[in-house]
Amino acid sequence: MTKKWIVKNGTFAVLEEGRSVLKGYMVVEDDRITYLGEKAPESMEDADTIDGTHLFFMPGLVNTHGHAAMSLLRGYGDDLALQVWLQEKMWPMEAKFTADDVYWGASLSVVEMIKGGTTTFVDMYDHMDQVAKVVQDSGMRGVLTRGVIGLCSAQEQMQKLSDAIAFAKDWHGQAGGRITTMISPHAPYTCPPDFIEKFVQAAHDLDLPIHTHMSETTTEVAQNVEDYGLRPVAHLEKLGVFSRPTLLAHAVHLTDEEIEVLARHQVAVSHNPGSNLKLASGIARVPDLLKAGVTVSLGTDGPASNNNLDMFEEMRLAALIHKGVSGDPTAIPASEALRMGTEYGAKSIFLDQIGKLA
């Protein structure tokens, strides 16, 4: 039997051209909005009614990049540059994590996200079966991927690739469709080129998107040029990464030409302003990306590099820092920041039935 409920006298965030809010009624049947308008719907029988007076209704927030289990490492390494933070603090401690640690760390993060209005999140980590179980039990929507660092033997690389493929196959479409999966080589500076190409092939074989970190720091970009003779965008393009639907985390340090390449391949970017500020990684060229037609969403990154999972804070930072560095108070309007945290988030993770009230 269809479950039906109606919100009356509500104020709804619609972010349509010409208006940001709509005052009126919304009807939900099972998991779909079937009516949204200023006038009362024709039939209000057999429905639970919610009085929306003095309440504001908006889409669930979409956090497009993170590492949920790192809630256990919150505040463990502060006031450090990215590579020092990773190599001296995070990676040694993460190497000690058990599957049980990942389960409880992810659980803590999911509670925090639910309390903060986040209904969908992207997660890249190890022991991802445990994260999937948390998503399954919590009722959240998760876009999950086994992130793989390739700084290891060829045998270990192949085992990690096999694990990533198995996870993607086993969990894609599970939890009533609330779980989808992606393929994730960690970053161009942690995965050799031939290893990344294997991930590209896996993404083609499974018909899944690719998610990776890219151009987070100037050091990373310089290292890519030294090692491979190319900046990260050209490097990933050459390896075929952008032949798949792709979501890049960070993309802080980009040239005009690189922005054009991302726009041409319809590559999406997860902007992580809080994490980028904490680690002094820099400020991404978000207004330029948006003007070029690149889909830019928002992510918190892991709780250890933020130190929270507050998407309202990310929207606020995204709106404010780009005004400050550009001198243009219209650089990222409030409505655009909200779209980045909702509608653009859904688009960047290739989910077309969420992200807005419609």
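Predicted model: local features only at pLDDT ≥ 70, side-chain atom pairs only at ≥ 80, totals over all residues.
Residues are numbered from 1 along each chain as its sequence is written, and side-chain values use heavy atoms, with hydrogens and water left out. Local features need pLDDT of at least 70 and side-chain atom pairs count only at pLDDT 80 or more, while totals for chains, interfaces and linings use all residues.

**Salt bridges**

Side chains of opposite charge can pair when their charged atoms come close. A salt bridge here is a side-chain nitrogen of Lys or Arg within 4 Å of a carboxyl oxygen of Asp or Glu. By this rule there are 13 salt bridges.

Select D48 and K3. Their closest N and O atoms are 3.3 Å apart, and the two form a salt bridge. D48 is in strand 4 (residues 48-51) and K3 in the segment before strand 1 (4-16), 45 residues apart. Helices (H or I, at least four residues) and strands (E, at least two) are DSSP runs, numbered from the N terminus. D48 is partly exposed at 46% relative accessibility, and K3 is partly exposed at 48%. Buried means under 20% relative accessible area, exposed over 50%, and partly exposed in between (1.4 Å probe, protein chains only).

Next, select E112 and R74, whose side chains meet in a salt bridge of 2.9 Å, N to O. E112 lies in helix 2 (residues 99-115) and R74 in the loop between strand 6 (61-63) and helix 1 (82-94), so the pair ties together parts 38 residues apart in sequence.

Then go to E258 and R231. Here the closest N and O atoms of the salt bridge are 3.0 Å apart. E258 belongs to helix 8 (residues 256-264), and R231 to the loop between helix 6 (218-228) and helix 7 (232-238). E258 is buried, at 5% relative accessibility, whereas R231 is partly exposed at 31%. Finally, select E16, R19 and E38, which salt bridges with shared partners join into one network.

**Helix 2 against helix 3**

Show helix 2 and helix 3 (residues 128-138), which pack at an angle of about 40° with their axes 8 Å apart. Axes are lines fitted to C-alpha atoms, for helices over the stretch in contact, and angles run from 0 to 180 degrees between N-to-C directions.

To see the contact (heavy atoms within 4.5 Å), select A99, V102, Y103, A106, S107, V110 and I114 of helix 2 with Q130, V131, K133, V134, D137 and S138 of helix 3.
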